[in-house]
Amino acid sequence: MGDMLNRRMKSIGSLIVLLLWSMMSPNTAIGSITVTARVDRNRVTIFERINYSIQIDSDSRKIPEPSFPVFKGFRQLGSPRTSSQMSWVNGVVSNSQTYMIVIEAREEGSFTFEPAKVVMDGRVIQSAPVTVTVVKPGASTPDGDDEGGMEPDVSSDRLQSLFLQTVVENETPYVGEAVRVSYHVFTRVSIRDFGIQDEPEYQGFWVEPVDLPAQTTLHSRTIQGIEYGEASIHEVVLYPTVSGELVIPPLVMVFQIQDRRQDPFDNFFNSPFRSSVFGTRQETRSSQTKIIHAKPLPEDGKPLGFSGAAGDFKLEASIRNHSVKVGEAITINVILSGNHGLKTIGSPVPPELPKLKVFEPKAEDAVQDPETPGWWRRTYEYVLVAHEPGELTIPGFSFSYFDTETETYKILKTKDFSVSVAPAPAGEQPLSYSSSGREMKIFNIDVQYIKTGNNLKHQVPVYSNKWFGIAMTLPIIIVPVILLIDSRRRRLEGDSVFAREVRARSESSRRFSEAVLACKEDDYNRALDAAATGFSRYLADRLGLPTGGITWNSILKEIDARSVKEPIIEQVKDYWQDLETARYGPVQPSPDAVGNLINKGRNLVDKLEKTRMNPKKGSANKRRAISR
Amino acid sequence: MSNCRIRWIILMSVVLLPWTSVLKADSSYDGLFRKGNQYYQNGDVALARDAYETIIKQGLSNAAVFYNLGNCYMKLGDPGRAILNYRKAERLDYGDRDIRTNLEIARSLVAGSESVAGAGGVGNWLLRIASSAGATTLTIATFVTWWLTAALFVSGSTSRFRRTRRRMFRATAGALFAFVVSAVLLAVLIGDREFTDHAVAIDQPVIARNGPGDHFTEVFEQRPGYEMIVHRKQNGWVEITLSNGYTAWVPAKSVEWI
């Protein structure tokens, strides 16, 4: 513990001695200082941006702020950014402070910036002057970078590990002609993300943005023997609105760069302006300025109604209804397609139609033409209304444009349409209205009619009608019922035992009715015979016994083989005994006794009807054998 | 008077009383409707509009009334309300050419007015087909194909002849397919009409914003006649989607439900 304290005291003491020594050193007292001003490029095109930096190196710990020169011909963008480094080697302190500012070239010419100045201890220390040449876009660079067929045209002073390049498809377009401008990034570093810092202001152009794929893919490109990854990261289509020299200003983008070197001190000392030392840094790049020469459209041969479209176009039309009544709408769809965004140009001109009212067309948004890549198409819907009946010929719609290939004016025309206009139905009151532009006015044109008549009913959509629901539900009930009936019918046809079972009740009822009739006729023997036949036939049918030669013993034997409750069997036996006694006994039964027997038989049949007569276990096959 | 006769009178009263009230109600609608038509023919469009509006306020939903009311609004220079009423009429009687023609013309007067589909992708595609067929046609088609399927199935099932049975079952499969197609289209149409809130912008143009309040950012200007789907309501504002897919919030009072 004591050793540790001693060692700490010693090191603190050494530090104090070292500090005192450094404060008393001659360099601190005298203070040597150098000021260096520089730009990252000495030759730029107009509207390009460069970095102007002042580096002050001194052996003093405290460095005064420099005064910036006046940047004539340039515009200062933002305030200066600073960074500093301090090192202490062999007791010598070296301090470096860097101030950087972004300036944008606004005028052509050669500009010499006055020296940057620093005042220290009453002395004025200044840098050397810096000269920057601003040239027109496209002008050759002194070191002849444009020569040698390099693709793309990149000057040496732009060749860095990351740079932006403006690519203009056509530098001499006609007024109104589409010019595709794309901004390509060339990189030898790993870009994590990027975004537009300053969107250029395209003066003298109508601008249409181009949607690029969300995923940017780099393609390999070799420039002056150096391999780069290249990708188009921003595109616009420009339509010159005036002729003459037009400037396409540079696009300024910010890139998040992934550092390959992961040593934070290495990064720090190599680039003082990096915002982070943890693997990524932010870099700003601007593309070069481009100048295009927009040619005026020739006055000779300019057709009437020319709306300023230049390029290549196609025109098609279709009609929706060839026969209408007076007052009904005729709809014509006109499709204009071309190598043009189509947003800036006027709609096709409808022909002179004195017998028709033409409404202002409804235009859909321009969409990419799926049939011709790079082309756009736009549909205009024209509504025309006929005033009077008859056969009409609607002449084609026309569209004039300047063909940039042949450098001549062309007029496209669609085919004529024939329309048959029938008279409006008699007795209906016409509705008169029309429109002029978007303003509603009353015209004497019959377009449609109000509806008259009586018996107004509350209407609901057909599908909401309850009868529809019932009608849709009925098959769900009816179909199973029909199928069940059909199944029963088939069984009755194919299964005689089942058929006898089913018919047993009705057959016995008929016999008992005969017995009642015979009773009324005082024919008691016939009545008893009918009741006996009805009862025995009922049992035979229910038990599936053959009707011929049926005996009481066979019936009893079969009932015993069935799962019939004992009391019912006893009732059957009693009834049969009573019948036999009445029929064959020595005493003739009274009419009331016969009537009672008939009623008892009927009741017993009713009771048996409710009784199941399934075969007992072990005799299951017997019934099947009978039914066969 | 015998009990049987009294019962008969009571029964008939119970059966006929509701009908008499219905007939009375309908006849009053007819009177107003005739009056509205008379006003219209005499050029008193505002009075005609009031008559038709009264009928609708009394609870009658009828395509002819909505159609005539739409015509009134067209004449009065209010294409927004005209579109609204034509759309209501169209829902009740899709097959009527007059309604569809006038709706088309009213839409042509309002740039950006189009019908909006509630569903996207396949649903939208099906809805287009269903809308072009119309609810009545699809309802009838669904009914006919359903009964045809049932009849053919019963015929096939009850036939004693194997060949006939096979033919009938094939025909049943065809009818069933037709039924499924028409039922799906009808279901899509019902889903769009009954379960999606369609509305039309009325009155003055209003600024649509990206949130339910005046302090939110402006998105676009909503003009009378714009057709839209309403998603939800909040603090007197509704979230809407237009036919071009733009979604924004507008004051609830600036739209009227179809």
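Student: Which helix of chain A gives the largest share of the negative patch?
Tutor: Helix 8 (residues 566-584) of chain A, with 3 residues. A:E566 has its place in that helix.

Student: What kind of model is this?
Tutor: It is a predicted model: local features need pLDDT of at least 70, side-chain atom pairs count only at pLDDT 80 or more, and totals for chains, interfaces and linings use all residues. Residues are numbered from 1 along each chain as its sequence is written, chains are lettered from A and ligands numbered from 1 in the order in which they are written, and side-chain values use heavy atoms, without hydrogens and water.

Student: What makes up the patch of negative charge on the surface?
Tutor: A:D560, A:E566, A:E570 and A:D574 gather there. Asp and Glu count as negative, Lys and Arg as positive; His and the chain ends are not counted. Patch residues have over 30% relative accessible area and no salt bridge; like charges are joined within 9 Å, and nonpolar side chains (Val, Leu, Ile, Met, Phe, Trp, Tyr) within 5 Å. A salt bridge puts a side-chain nitrogen of Lys or Arg within 4 Å of a carboxyl oxygen of Asp or Glu.

Student: Which residues form the positive surface patch?
Tutor: B:R162, B:R163, B:R166, B:R167 and B:R170. B:R167 is found in helix 8 (residues 162-195) of chain B.

Student: Why is B:R167 called exposed?
Tutor: Its relative accessible area is 55%. Exposed means over 50%, buried under 20%, and partly exposed in between (1.4 Å probe, protein chains only). So B:R167 counts as exposed.

Student: Which residues form the nonpolar patch, and what area do they have together?
Tutor: A:W467, A:I470, A:L474, A:I476, A:I477, A:I478, A:V481, A:I482 and A:I485 have about 810 Å² of accessible area together. A:V481 has its place in helix 4 (residues 466-494) of chain A.

Student: How do you know that A:V481 is partly exposed?
Tutor: Its relative accessibility is 42%, so it counts as partly exposed. B:A151, at 40%, is also partly exposed. B:A151 lies in helix 7 (residues 135-158) of chain B. In space, B:A151 is 9.9 Å from B:A175, C-alpha to C-alpha, with the two 24 residues apart in sequence.

Student: In what order do the 3 strands of the open sheet in chain A run?
Tutor: The order is 20-29-30, with mixed pairing. Strand 20 (310-311) and strand 30 (408-413) are the edge strands, as each pairs on one side only. Strands are DSSP E runs of at least two residues; helices are H or I runs of at least four, and both are numbered from the N terminus.

Student: What makes strand 29 and strand 30 of chain A a pair?
Tutor: Pairing needs at least two bridges found by DSSP. Strand 29 (residues 398-403) and strand 30 are joined by 6 bridges, so they pair, running antiparallel. Here A:S398 stands opposite A:K413.

Student: Where is B:N235?
Tutor: In the loop between strand 4 (227-234) and strand 5 (237-242) of chain B. Phi of B:N235 is near 50 degrees, also positive. At 63% relative accessibility, B:N235 counts as exposed.

Terms used:
Areas by Shrake-Rupley, 256 points an atom, 1.4 Å probe, with all protein chains shown as cover. Charge placed at Lys NZ, Arg CZ, Asp CG, Glu CD.
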